[in-house]
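Dear colleague,

I am passing on the structure we spoke about, and below it you will find my notes on what came out of the analysis. Please read them with the coordinates open beside you.

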Amino acid sequence: MENNLPFDARVQFPSHNEPRVWLITAGDSPIGLSVARQVLAHGDYAFLGLAHTALERDERRRDEFDAFLDEVGQHDGWAQRMKTVPLDIRMMGECQAVVADAVITFGRVDILLCCTSQALIGTVEELSASTQTMNLVRDQFEVNYFGPLNIIKAALPHMRKERAGHVMIISGITAHIGTPGLGMYCAAGWALEGFCDSLAYEIAPFNIKLTIFQCSIEIGILTNLVTSVPPIFPAYSPASNQAPLFRGILNHLVPQLPGASVSSESPVTPSPTNDENARVSSIENGPFSAPEVVSMHPPLSSAHLEVLVSETVYAITSIGGHENPPSRHIVGQEGVASVKEKLKTVSEELEDFIQASFAVDVTTDSDPMPAISGSNDGP
């Protein structure tokens with residue numbers, strides 16, 4: 001077994017009697033590639049779905065996948081335990097065909113890893129500004145919500161027949177913590193987690209497990225396709241709207257990444273005497289504030305992506321196929337802190353609601369409700 005990996009793949013997998021078969025929905029994504037690398041090094045089988053792409057937009061991702069294929073060819077036995085197929089997760093027929101192909105090729109599907117995702121940036125008002133933006137909203141749900149439903153529904157009959165299987169969903173803390181400027185991305189995540197929480201009860205009698213991985217916001221955004229719609233200025237300018245819109249965060253971050261080339265205007269460096277005006281200008285002139293729809297993969301290098309996803313990948317391989325896996329796993333201290341803060345806020349809101357509800361708790365056993373007059377009663 002090879003030992004030239006970023007960390008030892010042999011010590012992070014649950015014990016099992018024979019190699020397992022992994023079906024990874026986005027095998028050309030940073031998480032999909034890293035998990036596939038660890039799976040193959042461990043001796044398991046990897047069936048990789050390759051997302052539909054646009055040639056110019058996704059050139060960097062294709063280059064990373066080609067480099068991975070070269071790496072596979074350098075290791076004995078890896079190519080024999082891996083297969084790649086195109087997969088548009090939005091199409092139920094393709095999902096059914098991919099599951100059937102995996103079963104025919106490797107005999108079964110033990111672990112289904114749903115890691116296909118994309119992010120849509122824009123306020124609710126901006127996203128409803130045109131037919132184009134509304135179509136992007138629908139596509140957000142097709143990829144992030146209906147897509148996982150399609151592949152899960154395709155895999156369930158096989159897993160139910162085998163009375164074994166583990167479904168794993170890559171989600172994020174945005175699936176229960178709203179973020180301004182990511183409304184539709186958050187909404188699709190909330191919908192998916194609600195579906196999965198319900199599904200987990202339904203499939204438990206068939207010995208099928210389900211785990212949701214709630215990753216940090218950087219994992220979901222920086223490792224996948226990001227699409228931004230035209231902003232409405234000055235209404236949603238940071239000079240007049242204090243909501244910390246996610247567009248502004250990306251406009252500050254992306255131009256600083258090595259290899260960044262998509263930009264409507266060079267970012268402005270804040271001056272010591274006019275920091276606020278410079279900050280506003282950099283947000284309004286950043287790559288995600290263009291007057292047209294912009295789609296791109298954030299230009300992180302392969303090395304940076306590997307470091308970014310390593311904690312999530314470690315959690316996936318440690319939990320995948322576990323006899324008694326958690327139903328939800330929060331990845332990283334930042335996510336745990338966010339969840340704790342959310343729970344604190346909810347607790348405070350509940351206390352406020354209890355105080356407000358005292359006003360209606362006025363009846364007692366000795367003070368029955370007055371009778372309601374019927375329609376036949378006299379005046």
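Salt bridges and their surroundings

Arg 328 is partly exposed, with a relative accessible area of 30%. Please keep in mind throughout that this is a predicted model. Arg 328 is the partner of Asp 197 in a salt bridge, in which the closest N and O atoms are 3.2 Å apart. Because Asp 197 sits in helix α6 (residues 183-203) while Arg 328 belongs to strand β10 (residues 328-330), this pair ties together parts that are 131 residues apart in sequence. Asp 197 is likewise partly exposed, at a relative accessible area of 32%.

The structure holds 10 salt bridges, and two further ones deserve a mention here. Asp 139 pairs with Arg 90, with 2.7 Å between the closest N and O atoms. Since Asp 139 lies in helix α5 and Arg 90 in the loop between β3 and α3, the bridge ties together parts that are 49 residues apart in sequence. Both ends are partly exposed, Asp 139 having a relative accessible area of 21% and Arg 90 a relative accessibility of 25%. The side chains of Asp 110 and Arg 108 also meet in a salt bridge, at 2.9 Å from N to O, and Asp 110 counts as buried because its relative accessible area is 17%, which is under 20%. Glu 18 joins Arg 108 and Asp 110 in a network of salt bridges.

The protein as a whole

The protein contains 11 helices and 10 strands, and of its 379 residues 46% are buried. Among contacts between residues at least 6 apart in sequence, 79% join residues at least 24 apart. The protein exposes about 18800 Å², of which carbon and sulfur atoms supply 55%.

Ser 29 is placed in the loop between β1 (21-24) and α1 (30-42), and with a relative accessibility of 2% it is counted as buried. Leaving out residues up to four places away in sequence, Ser 29 touches Arg 61, Cys 115 and Asn 224. Ser 29 and Glu 64, which are 35 residues apart in sequence, are 8.9 Å apart in space when taken from C-alpha to C-alpha.

Asp 88 lies in the loop between β3 (82-86) and α3 (92-106) and is also counted as buried, at 11% relative accessibility. Apart from its neighbours within four places in sequence, Asp 88 is in contact with His 52 and Glu 94.

Val 137 is part of helix α5 (residues 131-162), and at 15% relative accessibility it counts as buried. Its contacts, if neighbours within four places in sequence are set aside, are with Leu 120, Leu 127 and Met 184. Val 137 and Ala 188 are 51 residues apart in sequence, and their C-alpha atoms are 9.7 Å apart in space.

A charged patch on the surface

Which residues gather in a patch of negative charge on the surface? They are Glu 56, Glu 59, Asp 63, Asp 66 and Asp 70. Asp 70 belongs to helix α2 (residues 59-73) and counts as exposed because its relative accessible area is 53%, which is over 50%.

Note on methods. Residues numbered from 1 in each chain as written. Predicted model: local features only at pLDDT ≥ 70, side-chain atom pairs only at ≥ 80, totals over all residues. Heavy atoms only, no water. Helix = DSSP H or I, 4+ residues; strand = E, 2+ residues; numbered from the N terminus. Buried < 20%, exposed > 50% of the residue type's maximum accessible area, 1.4 Å probe, protein only. Contact = heavy atoms within 4.5 Å. Areas by Shrake-Rupley, 256 points an atom, 1.4 Å probe, with all protein chains shown as cover. Patch = residues over 30% accessible without salt bridge, like charges linked within 9 Å, V, L, I, M, F, W, Y side chains within 5 Å. Salt bridge = Lys/Arg side-chain N within 4 Å of Asp/Glu carboxyl O. Lys, Arg positive; Asp, Glu negative; His and termini not counted. Charge placed at Lys NZ, Arg CZ, Asp CG, Glu CD.
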